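Here's a quick briefing to go with the structure you have open. Skim the lead first, then pick whichever topic you need.

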Amino acid sequence: MNRIWWKILGTLCVIPGIYLLTRMFDILLILPPEMRLGFLLFASAIIVICFLSAILCFFPRSQSITLRILGAYGVAAGMLIIFEGFCTHDYSNIGIMLLYWLSGSIHLLWTGKMTDD
């Protein structure tokens, strides 16, 4: 990938982290007290992953690590969507998840490259 695309990808990784950081405290006020710690830990982990991915995008030697992180995130999201589909008996997204999203995420996680060259 071109270096400009890596900078764009890094910038796009920062935006959800900043958004979640600004909205996190509003969401904490709405949640019941027993759910606040779990949400705080989960949101903090997502923010760290976003900023770590953004930092890694700007250094050329760490781009395979960045792609593997994005692949792991995609695999985790895919498994969560499949699990949620079985729990709610809504199977409309499972086909797209298995054929498109999960296969690409596994490829990124396994190879750390966008192409097969």
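α1 passes α2 in a left-handed crossing. The pair packs at an angle of about 165°, with the axes 8 Å apart, and that makes α1 roughly antiparallel to α2. Keep in mind that this is a predicted model, with an average pLDDT of 83 over the protein chain.

**α1 against α2**

- Helix α1 takes in residues 3-30, and its partner α2 takes in residues 33-57.
- An angle of about 165° sits on the antiparallel side of the cut-off, because anything over 145 degrees counts as roughly antiparallel.
- Sort the residues in the contact of α1 with α2 and you get 21 nonpolar, 3 polar and 1 charged.

**α2 against α3**

- Next along is α3, residues 63-88, whose axis comes within 8 Å of the α2 axis.
- These two axes cross at roughly 150°, so α2 is roughly antiparallel to α3.
- Which hand does the crossing of α2 and α3 have? It's left-handed.
- On the α2 side, the contact uses Ile46, Ile49, Leu52, Ser53, Leu56 and Cys57.
- Facing them from α3 are Gln63, Ile65, Thr66, Ile69 and Tyr73.
- By type, the residues of the contact of α2 with α3 come out as 8 nonpolar, 3 polar and no charged.

**α3 against α4**

- The axes of α3 and α4 come within 7 Å and cross at roughly 155°.
- That angle is over 145 degrees, and α3 and α4 are therefore roughly antiparallel to each other.
- The α3 and α4 crossing is left-handed.
- In the contact of α3 with α4, there are 17 nonpolar residues, 6 polar ones and 1 charged.

**The chain as a whole**

- How many helices and strands does the protein chain have? There are 4 helices and 0 strands, so reading from the N terminus you simply get α-α-α-α.
- The C-alpha trace spans about 50 × 35 × 15 Å along its principal axes.
- Out of 117 residues in the protein chain, 28% count as buried.
- Take the contacts in the protein chain with a separation of 6 or more: 57% of them join residues 24 or more positions apart.

**Loop residues to look at**

- Ser62 has its place in the loop between α2 and α3.
- Is Ser62 buried or exposed? Ser62 is buried, because its relative accessible area is 10%, and the cut-off for buried is under 20%.
- Ser62 and Ala45 are 17 residues apart in sequence, and their C-alpha atoms are 20 Å apart in space.
- His89 sits in the other loop to check, the one between α3 and α4 (94-111).
- The backbone at His89 deserves a look: phi is near 60°, a positive value in a residue other than glycine.
- With a relative accessible area of 60%, His89 is exposed, since the cut-off for exposed is over 50%.

**Helix residues to look at**

- Ile65 lies in helix α3, and it's one of the α3 residues that meet α2.
- Even so, Ile65 counts as partly exposed, at 44% relative accessibility.
- Where does Ile65 stand relative to Lys113? The two are 48 residues apart in sequence and 9.4 Å apart in space, C-alpha to C-alpha.
- His107 has its place in helix α4 and counts as partly exposed, at 25% relative accessibility.
- Between His107 and Gly71 there are 7.4 Å in space, C-alpha to C-alpha, for a sequence distance of 36 residues.

**Confidence**

- In the protein chain, 96% of the residues score a pLDDT of at least 70.

Definitions and conventions
Residues numbered from 1 in each chain as written. Predicted model: local features only at pLDDT ≥ 70, side-chain atom pairs only at ≥ 80, totals over all residues. Heavy atoms only, no water. Axes fitted to C-alpha atoms, helices over the stretch in contact; angles between N-to-C directions. Parallel < 35°, antiparallel > 145°, perpendicular 65-115°, else oblique. Left-handed = near helix turned anticlockwise from the far one by under 90°. Contact = heavy atoms within 4.5 Å. Nonpolar A, V, L, I, M, F, W, Y, C, P; charged D, E, K, R; others polar. Buried < 20%, exposed > 50% of the residue type's maximum accessible area, 1.4 Å probe, protein only. pLDDT = per-residue confidence, 0-100.
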